[in-house]
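Got the viewer open and a selection tool ready? Let's take a walk through this structure, one stop at a time.

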Amino acid sequence: MAAALRQQAKVTMPVSRALLFDIGRRYISIGRPCCGNTWHIFRKIKKKNEFIPVTPPIELDKSVKKGEVINIPDKIERSPTAILSALASTVRNDLNQPMYLSIDDPYLYLNNDRAKKFAMASMDSGRNAAKLMLSEYKEYMTQMWEEPLPEVWRDINKGYVHKDASEAALLERISKRHVTEAIQVYTAMKAKEPPLSQEAQEKLLELLTVFNCEDPETQSELHLFIEPPMLTTHSPFPLSTWKKGNMAEQVFNSLPEKTCKAYCYMLRGMAKHYDKESALNLYNEMKAAKMTADVYTFNLLLKVSSLDAQSVDEIRLSIESLLKDMSAGNVRPNVETFNSILCNCRRVSRWTGSKMFALAVLSEMKACDIEPNLATYNDVLNIFYYSKSRDSSPQPKSPDLFENILEAIENKEFIAVSEGDYTFFRSAMRVVVNSFPDSKYALRLHKVLQHGKNSDLLGHRQLQYGYYNDLFNIIVQLEHTDVVMELYQQVVPYIFLPSSEIYHLIFENISLHETYHYLPQIYIDLETTAMFFRNDFLLDFFRLVAHKKHEPQLQSQMCDITESLIKSWLMKRERQREYPAVDGAVLGEMILIYLYNEDDKKAWELFQMYQKDHTLRATNPSEKSLIKLTEHMIAAKDYDSTKQVLTRMLELECGGIPALVDKTLQAFELSEQERNYLEGVASDAASEPSSDSSSSSDNGSSSDSD
């Protein structure tokens with residue numbers, strides 16, 4: 001039976017179960033014959049009177065009749081990682097996490113784009129230095145811990161198995177993409193016997209045409225993060241980088257037989273490097289030889305059709321000629337074929353007739369039953385919503401086409417096949433901002449991005465930053481704070497850190513909708529940034545925190561924010577590091593926060609700090625905070641503190657002093673001398689005009705109306 005199971009055969013067996021209990025002897029023996037194996041659970045008693053609790057047996061299904069058979073299903077083949085995949089499906093993938101490349105120490109987590117760039121640059125420099133050391137001093141670098149270093153690590157420029165010139169050496173260098181050394185081996189083999197095979201020469205030709213007879217620039221993942229590649233596919237007038245008579249042409253001309261594959265390699269290389277004239281001449285030569293190119297070659301030829309063209313009609317004729325050749329050669333077009341045609345329309349999107357030609361291409365695409373991808377829609381957006389218009393008063397653009405595109409891509413997951421797929425979301429969000437800034441379109445587009453793994457198509461860090469910057473600029477001004485903060489929690493701080501301008505818009509949104517309960521969360525994200533080093537930003541934040549008195553729990557959180565910043569400021573100032581830009585105006589808002597929480601002691605400590613530290617007097621506390629502090633000191637029956645605050649208010653020429661003096665005289669039993677002093681303060685304040693408006697504008701303090 002066991003052998004039958006191993007062979008995945010169906011097995012039937014009669015129902016037979018034996019349960020034996022002997023309670024008197026205090027031991028249990030359970031035997032269950034199943035598929036040729038028996039499990040025994042057995043325990044003897046150690047003492048005569050020892051009691052072993054017995055779990056009641058599982059009740060058997062008495063409806064099963066004797067002799068009835070049980071059908072065991074076939075074995076299901078599963079992958080080695082099936083269990084891990086099942087477990088992974090039960091958890092949610094949170095993208096708002098520290099960048100994996102930057103994780104070294106939790107204290108050093110990076111949430112700023114500039115900091116990420118600098119950290120990756122230093123890491124890349126360190127790796128390059130290590131490679132140089134391994135190459136220059138390979139006799140000293142022989143092993144890593146207990147294992148020897150690979151030869152290619154110690155000699156990064158070589159590490160070849162085949163040292164001498166041969167066909168095997170040529171193929172080895174081709175596989176490593178070492179163009180210069182492959183050319184050297186090919187040159188050495190030309191004068192030797194036996195000659196290189198046709199297949200080896202065609203592989204060399206492919207390498208030369210792809211990299212334009214030059215060694216490719218090896219760029220690490222870190223380098224690509226630091227300096228993202230320039231996207232020049234849709235440049236209006238790309239310059240030809242193909243050199244006449246280069247090594248690729250020499251290899252092609254020396255081939256024993258010019259096959260269809262060799263022609264395709266040459267055509268792709270010429271078209272990829274924008275040599276339209278040479279590509280068309282060689283294509284005509286290929287047609288004369290009665291050969292048909294493949295679809296990838298036709299796609300590249302179609303992409304250069306608009307170069308040096310004088311009108312849309314000329315481009316149309318060139319494209320139609322190539323499409324007829326494809327039809328005659330039974331070459332079925334794919335989505336990249338139509339994307340190549342739309343690429344021409346994008347280059348001349350401001351020319352008369354380009355938009356009608358693009359619509360005709362889309363209709364033909366639908367007739368061929370080819371599903372557009374994101375690169376297709378990216379080209380369409382750039383054709384119909386060209387943003388760099390030179391008109392002094394551009395006409396508003398209709399969102400109808402954009403809505404149709406959104407309907408076509410909603411609830412779909414895409415994969416990247418070209419660079420246009422990586423630029424779609426950035427281009428689409430730019431269209432929303434420039435053409436019809438409406439939050440409903442921005443949110444619908446962002447929902448498409450969140451579907452499946454579409455977020456992988458957001459592109460490099462610069463495209464990602466531009467997308468989220470435009471998204472926040474739209475929704476912060478038009479949506480409720482709950483919608484804004486839902487998005488905020490998804491991407492801040494590790495995916496995207498808003499600029500100070502966007503944070504100011506968020507502050508205005510919070511003040512408008514009175515959603516102050518989001519401020520503690522925002523503070524946590526801002527605490528690790530350098531934005532609090534700017535006095536104007538820090539003051540605006542604490543003005544919002546101190547705008548009104550909140551519920552006790554929320555007000556306590558506001559006090560925790562204030563205490564956290566004060567501790568950070570004092571610690572960094574003591575260590576002579578860059579610290580938050582705390583001054584008198586900021587301290588005034590902090591005093592208000594503590595007073596709203598009925599914490600007079602900490603409010604008074606901040607006022608004393610302001611009094612003693614002359615570096616804080618570049619700006620002064622607001623009149624509102626000083627009046628509030630005076631009233632609390634009067635209520636606490638602290639005359640000395642009240643007198644100090646009134647004296648400072650008189651020095652700052654604040655308003656409201658006479659009323660405070662009256663309250664002081666009523667609350668305290670003072671000597672005649674003290675009463676005369678306070679009355680003199682009140683008369684001096686009444687005789688001088690209040691300069692609250694000017695001082696608040698100069699010093700950045702807030703008034704009662706704030």
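Start by selecting Thr376, which counts as buried because its relative accessibility is 1%. Keep in mind throughout that you are looking at a predicted model. Thr376 is part of helix 16, which covers residues 374-384. Which residues does Thr376 contact, leaving aside its neighbours within four places in sequence? Show Val335, Asn339, Leu342, Leu362 and Met365, and you have them.

Setting aside residues up to four places away in sequence, Asn378 touches Arg346, Gly420, Thr423, Phe424 and Ser427. Now draw a distance from Asn378 to Tyr422: the two are 44 residues apart in sequence, and their C-alpha atoms are 9.3 Å apart in space.

Now centre on Phe425. Not counting residues up to four places away in sequence, Phe425 touches Leu374, Leu445, Val448, Leu449, Asn454, Leu457, Leu458 and Tyr467.

**A pair of helices**

Next, show helix 12 (residues 295-303) and helix 14 (residues 335-347) together. Their axes come within 8 Å and cross at roughly 5°. Angles under 35 degrees count as roughly parallel, so helix 12 is roughly parallel to helix 14. On the helix 12 side, the contact is made by Val295, Asn299, Leu302 and Lys303. Helix 14 brings Glu336, Thr337, Ser340, Ile341, Cys343, Asn344 and Arg347. Colour the contact residues by class and you will find 4 nonpolar, 4 polar and 3 charged.

Most residues other than glycine have a negative phi, and most peptide bonds are trans.

- Asp369 sits in the loop between helix 15 (354-367) and helix 16. Is Asp369 buried or exposed? Its relative accessible area is 68%, so Asp369 is exposed.
- Glu598 lies in the loop between helix 26 and helix 27 (600-612).
- Pro493 is in the loop between helix 21 (481-491) and helix 22 (500-513).

**Zooming out**

Finally, display the whole chain. There are 32 helices and 7 strands, and 42% of the 706 residues are buried. Of the contacts with a separation of 6 or more, 68% are between residues 24 or more positions apart.

The chain averages 81, and 79% of the residues score at least 70. Over residues 1-48 the pLDDT stays under 50, and the model has 70 contacts beyond four places in sequence for this stretch. Residues 690-706 are also below 50, with 33 contacts beyond near neighbours in sequence.

Notes: Residues numbered from 1 in each chain as written. Predicted model: local features only at pLDDT ≥ 70, side-chain atom pairs only at ≥ 80, totals over all residues. Heavy atoms only, no water. Axes fitted to C-alpha atoms, helices over the stretch in contact; angles between N-to-C directions. Helix = DSSP H or I, 4+ residues; strand = E, 2+ residues; numbered from the N terminus. Parallel < 35°, antiparallel > 145°, perpendicular 65-115°, else oblique. Contact = heavy atoms within 4.5 Å. Nonpolar A, V, L, I, M, F, W, Y, C, P; charged D, E, K, R; others polar. pLDDT = per-residue confidence, 0-100. Buried < 20%, exposed > 50% of the residue type's maximum accessible area, 1.4 Å probe, protein only.
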